[in-house]
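Me: I have a new model open on the screen. Please show me how to read it.

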Amino acid sequence: MQQQHPGTQSAPLETPRLLAERFESGQPGIVYIKPKILFLKTEALSVAPSSMNIYLPPSGIGSITLLEASALVALTKIIEPKVIFEFGTFLGYSTALFLKNSSPECRVISVDLGDVAEEVSGAAHYSEAELRKDDRKNDDHLRLVQSKQGPYYLKGLTEIDQARLTLIHQDSRSLNVKGNGLEDQVDLVFVDGGHDLETIVSDSGLAKAMIGEDGVIVWHDFNSQIHGDVTRYIDGASKQDLILSIPNTMLAIGLYGKARARFLELGCTGQDAA
Ligand SMILES: C[S@@+](CC[C@H](N)C(=O)[O-])C[C@H]1O[C@@H](n2cnc3c(N)ncnc32)[C@H](O)[C@@H]1O
C-alpha cells in the first residue's frame, strides 16, 4: 500500500534526455520518472522486442506488484549485472525474477532469516487491520510466512538457474560483506528485507559496500503506508543523492558511478518525442 509523497505532486519526467539533464543539474532530491523511461532504455538495447519472464505476482502481502516487477526486469536488462544481491528472499518471487531475466553468467545471492517461526510465533494471531497499520507486526508476519512456506517460487528453477543462485540464511545485519567475497563485487542490490530503520540503515550500508563506486541499489517500500522508516531513510539519502522513483510503485532507485553513466546514456540519442 502506497501513500502520496509530496514529491509526486511534480509531474514525472517522461524522457531519458530530461532525466539526464536533471542529473547534470547536480541537484540532489527525489525525481519521479514514468516507467516508460526504463522501457525506452530497454528498447535501445536491441532491435528485437524485449521479453519479460515472470510468474504472476503473489496475491498476499509482502512481495512486489506487476508494475514493480516490470520495472525491475527492465533495470536488470539495462544494467546487465554479473552479480545481483537481494535482501529479503521471502517466497522467492523477486529472486526468481532476477534469475529468469538476467544473463546465464549472472550470479544471484539472496539473504533471509531462515526458520524463525518460534521467535515470531505471536504473529500468527495478528489481524489484517493490525498488519496494515503496525510496521513491526507486519515485518514479523512476513518473517513467519517465509519461515513456514520457504522460497516457493524457486521450486521450478532449471538446474542452470539453481547453479547460479546462492541462498544465505542469517540476519542480514550481521552479514560479512568482505568475508562473503562481496565487497565491490555486486552490480545490482535489491534492499527488501527488514523495514525498521536500524535494518534499513545497516542493509543500505552493506549494499554500498557491495557495489563500491559503481552499481545500482533499489529499495522497496518507499512511500509505503506501513513501513514509514524506509521513506524516512530515502528522504534522508535524497538530501545528498539523486534518487529515482516511479509513481504507483514503492521503488526507489540509486544509480552510482559508471552504472549511472551507462544508464543515463542509453536511449538518450536523437530527438525526444514531443
Ligand atoms: C518484503 S519480504 C521480501 C519480498 C521479496 N523481496 C519479494 O519481492 O518477493 C521481506 C523479507 O525480509 C526478511 N527479513 C526481515 N528481517 C530480516 C533480517 N534482519 N535479515 C534477513 N532477512 C530479513 C523477512 O523474513 C521477509 O522474508
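**Domains and sheet**

Reply: Start with domains, whose bounds come from an automatic or database domain assignment. Here the assignment of the chain gives domain 1 (6-114 + 151-265) and domain 2 (118-149). This is a predicted model: local features need pLDDT of at least 70, side-chain atom pairs count only at pLDDT 80 or more, and totals for chains, interfaces and linings use all residues. Residues are numbered from 1 along each chain as its sequence is written.

Me: How many residues of domain 1 are in contact with domain 2?

Reply: Two residues are in contact if their C-beta atoms, placed from the backbone, lie within 7 Å. In this model, 15 residues of domain 1 are in contact with ten residues of domain 2. The centres of domain 1 and domain 2, taken over C-alpha atoms, are 24 Å apart.

Me: In what order do the strands form the sheet?

Reply: Strands are DSSP runs (E, at least two residues), numbered from the N terminus. Two strands pair if DSSP finds at least two bridges between them. Eight strands form an open sheet here, in the order 1-7-8-6-5-2-3-4, with mixed pairing.

Me: Why is one side of strand 1 and of strand 4 left without a neighbour in the sheet?

Reply: Strand 1 (29-32) and strand 4 (165-169) stand at the edges, each with a single partner strand, so one side of each has no neighbour in the sheet.

Me: Which way do strand 3 and strand 4 run?

Reply: Strand 3 (residues 107-112) and strand 4 run parallel, joined by five bridges. Asp112 has His169 in strand 4 as its bridge partner.

Technical notes:
Helix = DSSP H or I, 4+ residues; strand = E, 2+ residues; numbered from the N terminus.
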